[in-house]
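Open the model in your viewer and keep the selection panel at hand. The stops below go from the whole chain to single residues.

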Amino acid sequence: MKLLLLLVAVGLCSAQYNPNTRAGRTSLVHLFEWRWDDIAAECERFLAPNGFGGVQISPPNDHIVLSNPWRPWYQRYQPISYKLCSRSGNEQQFRDMVTRCNNVGVYIYVDAIINHMCGAGGGAGTHSSCGGYFNAGSKDFPSVPYSNWDFNDGKCRTGSGEIENYGDVYQVRDCRLVGLLDLALEKDYVRGKIAEFMNNLINIGVAGFRLDAAKHMWPGDIKAITDRLNNLNTRWFAGGSRPFIFQEVIDLGGEAISYSEYLGIGRVTEFKYGAKLGNVIRKWNGEKMSYLRNWGEGWGFMASNRALVFVDNHDNQRGHGAGGASILTFFDARLYKMGVAFMLAHPYGVTRVMSSYRWPRNWVNGKDVNDWIGPPSNSDGSTKSVTINADSTCGNDWVCEHRWRQIKNMVIFRNVVDGQAFTNWWDNGSNQVAFGRGNRGFIVFNNDDWYMDVTLNTGLPAGTYCDVISGQKEGSRCTGKQISVGSTGSARFQISNNDEDPFVAIHVDARL
């Protein structure tokens, strides 16, 4: 009996690492700042038909509304209460989105802001997305309710109340992060309010949570909250399924706080992944793609079964967070597509694709002074809808990288090769590399400054394959390049360094 209970406990614990995606779907997409109505439509018309596993959404709860600067993206990260009304829509629209997305097998992952409330300078009044009263100065949030007793100011050891030294773990976890009122998560009452908020979302049907600013919370406090969470809604998930937890912990090495402290709770965001991959694809500091042969744990990353990975995220594409100028973004589209394709072809981690909006970058002294700009908005501050153009791209300044043919087709590639071994690595000692995934897929990159003409062992069955980067398989034909795999599994790859996309990917579902 004791053994059975132990196995049940271990099962509950380990399930926090499982994204709960439907079988055959492996990748998440972050639809940053999208409206709930638009996400619901995107699940049905594009994400489900193309094998996406789920959507990370922007924080769904009541948040401050800032006018200086004009409605910035980060106002979503300043909670006022846990009511479900935000710039993306009201509670009814949120529930409709979750239901519609779940019904087509695309699950919802909430960006949960539980470390803090709004900034201490947030003032008093009704400037919140739900319109409720609050007073940041007196720490009065009646819609929760939280009061002065529910914050960490008494524990912070700095004169300013702010984090002044990131080498001091007590400051990092007990003081204010950029002025945000830091919640006293060791208090049972506060834990209960947060768990109540998250359980409401679970009951509605969400599949998991990204825990924002996890590094700024004590691991024991997070665990005390996640231990209170309900199992997932059995309308869409198997009985006993636990919510997927992935925690934002920026650790590039040499930090006072290590990602390893959080691995017992759920997955952790591996920030070294995008930073180092960006260096390699950009060929900075003497880095070469041939060095990627032992990519993953061999590069000092956390274990693959504990990592959530991405090429860029909403913070570091703006120069925040980690990685600096090495981070690849949609602004560097050619290199970005190579980086995302490598991520989706390689077996390491749970992968998340970014989907952004455009803003006018303005660099002053190495900083983008427009990094605050919120989503495409109407004159009244409301978020513009995501319009879909005839060629499947997006309008209204929504970038929609997840809809780019090369990225969408690599999401499908990852699904096709899921569970297959990393095989048949080849490189030229420089920036031409190739690798397979068992006998189901093969990808080749030419990131050198000269033409590539090479015959490689793909490990795939003989046949004619459609390259899913230059085009795709449509009916009985290829819209892009064709690759012929011989009876021994070998194929010739010719890739110009001047190609729009200097890489080729084939898989068994793209065979004629």
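This is a predicted model: local features need pLDDT of at least 70, side-chain atom pairs count only at pLDDT 80 or more; totals for chains, interfaces and linings use all residues.

Residues are numbered from 1 along each chain as its sequence is written, and side-chain values use heavy atoms, with hydrogens and water left out.

**Whole chain**

Switch to cartoon. The protein has nine helices and 24 strands. These are DSSP runs, numbered from the N terminus: helices are H or I with at least four residues, strands are E with at least two. The radius of gyration is 23 Å, close to the 24 Å of the globule rule for 512 residues, so the protein is as compact as a globular protein of that length. That radius is taken over C-alpha atoms, and the rule is 2.2 Å times the number of residues to the power 0.38.

Now show the C-alpha trace. Along its principal axes it spans about 75 × 65 × 45 Å. Of the 512 residues, 58% count as buried. Buried means under 20% relative accessible area, exposed over 50%, and partly exposed in between (1.4 Å probe, protein chains only).

Next, contacts (heavy atoms within 4.5 Å). Among those between residues at least 6 apart in sequence, 68% join residues at least 24 apart.

Colour by charge. There are 52 positive and 50 negative side chains, and the centres of the two sets lie 5 Å apart. Lys and Arg count as positive, Asp and Glu as negative; His and the chain ends are not counted. Each charge is placed at NZ of Lys, CZ of Arg, CG of Asp or CD of Glu.

**Two annotated spans**

Select 26-414. An unreviewed UniProt entry labels these residues "domain: Glycosyl hydrolase family 13 catalytic". The span is 23% helix and 13% strand, with its end C-alpha atoms 7 Å apart.

Select 423-511. Here the unreviewed UniProt entry gives "domain: Alpha-amylase C-terminal". This stretch is 0% helix and 52% strand, and its end C-alpha atoms are 19 Å apart. UniProt positions follow the numbering used here, feature names are shortened, and annotations may be inferred rather than shown by experiment.

**Single residues**

Go to isoleucine 80, in the loop between β2 (54-57) and α3 (91-103). Isoleucine 80 is buried, at 2% relative accessible area. Beyond four places in sequence, its contacts include Asp62, His63, Met117 and Phe134.

Jump to aspartate 188 in helix α5 (residues 188-204). Is aspartate 188 buried or exposed? Aspartate 188 is exposed, with a relative accessible area of 51%.

Select asparagine 279 in helix α7 (residues 271-282). Asparagine 279 counts as buried at 18% relative accessibility. Beyond four places in sequence, asparagine 279 touches Trp284, Asn285, Glu287 and Ser326.

Finish at valine 311, in the loop between β11 (307-309) and α8 (333-345). Valine 311 is buried, at 3% relative accessible area. Leaving aside neighbours within four places, its contacts include Gly274, Leu277, Tyr336 and Met343.
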